[in-house]
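Welcome! Take a moment to turn the model around and get your bearings, then read on.

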Amino acid sequence: MDPKPVNIISAKTWRSEIVMAELSERVASGSFPTVANGEAEATKLNQGALEFMLGAQKMMLAELVFLGDEMLERTRTEMHLCTEFVAKMAGAHSVKDIQTMCQECGQHQLDFFRRDSERLFKHGERMIAATSNLINGRSLN
């Protein structure tokens with residue numbers, strides 16, 4: 001008794017047979033993509049990649065400008081608070097005046113920190129929205 005030969009089809013062979021079957025169906029139906037369609041699709045993909053890269057570059061430059069403006073504004077505010085502190089310290093003539101001055105300056109610092117945090121939080125929200133738009137292929141504006 002001769003054993004019957006077993007036909008073992010590997011996963012690789014099976015996949016190639018499916019691909020070949022799909023190609024023959026395309027050729028038979030005449031729906032094989034033309035070279036012009038391929039070039040148009042490649043051009044569309046390249047355009048999308050270019051827009052993404054330019055948008056990312058625009059966002060990075062805008063962030064650098066924002067960072068510079070924020071640092072300058074923070075320095076101005078800190079200098080104003082320091083000048084105000086020195087002026088009040090020079091005008092304080094008693095321990096009670098110094099205590100009141102320290103409370104007022106502390107409150108100014110807290111208010112500054114709150115405003116700064118709110119501004120940075122809003123900026124973060126705008127950056128998330130801009131990044132989402134960039135990834136989804138919409139313009140940054």
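## About the model

This is a predicted model, where local features need pLDDT of at least 70, side-chain atom pairs count only at pLDDT 80 or more, and totals for chains, interfaces and linings use all residues. Residues are numbered from 1 along each chain as its sequence is written, and side-chain values use heavy atoms, leaving out hydrogens and water.

## The overall fold

Let's start with the big picture. The chain has three helices and zero strands, giving the pattern α-α-α along the sequence. Here helices (H or I, at least four residues) and strands (E, at least two) are DSSP runs, numbered from the N terminus.

Of the 141 residues in the chain, 11% are buried. Buried means under 20% relative accessible area, exposed means over 50%, and partly exposed lies in between (1.4 Å probe, protein chains only).

## A look at helix 2

Helix 2 covers residues 35-91 and includes Leu67. Leu67 counts as partly exposed because its relative accessibility is 46%.

Glu70 is also placed in helix 2, and it counts as buried because its relative accessibility is 14%. Leaving aside residues up to four places away in sequence, Glu70 touches Asp116, Arg119 and Leu120; a contact means heavy atoms within 4.5 Å.

Phe66, in helix 2 too, touches Leu120 and His123, with residues up to four places away in sequence not counted. Phe66 and His123 are 57 residues apart in sequence, and their C-alpha atoms are 9.3 Å apart in space.
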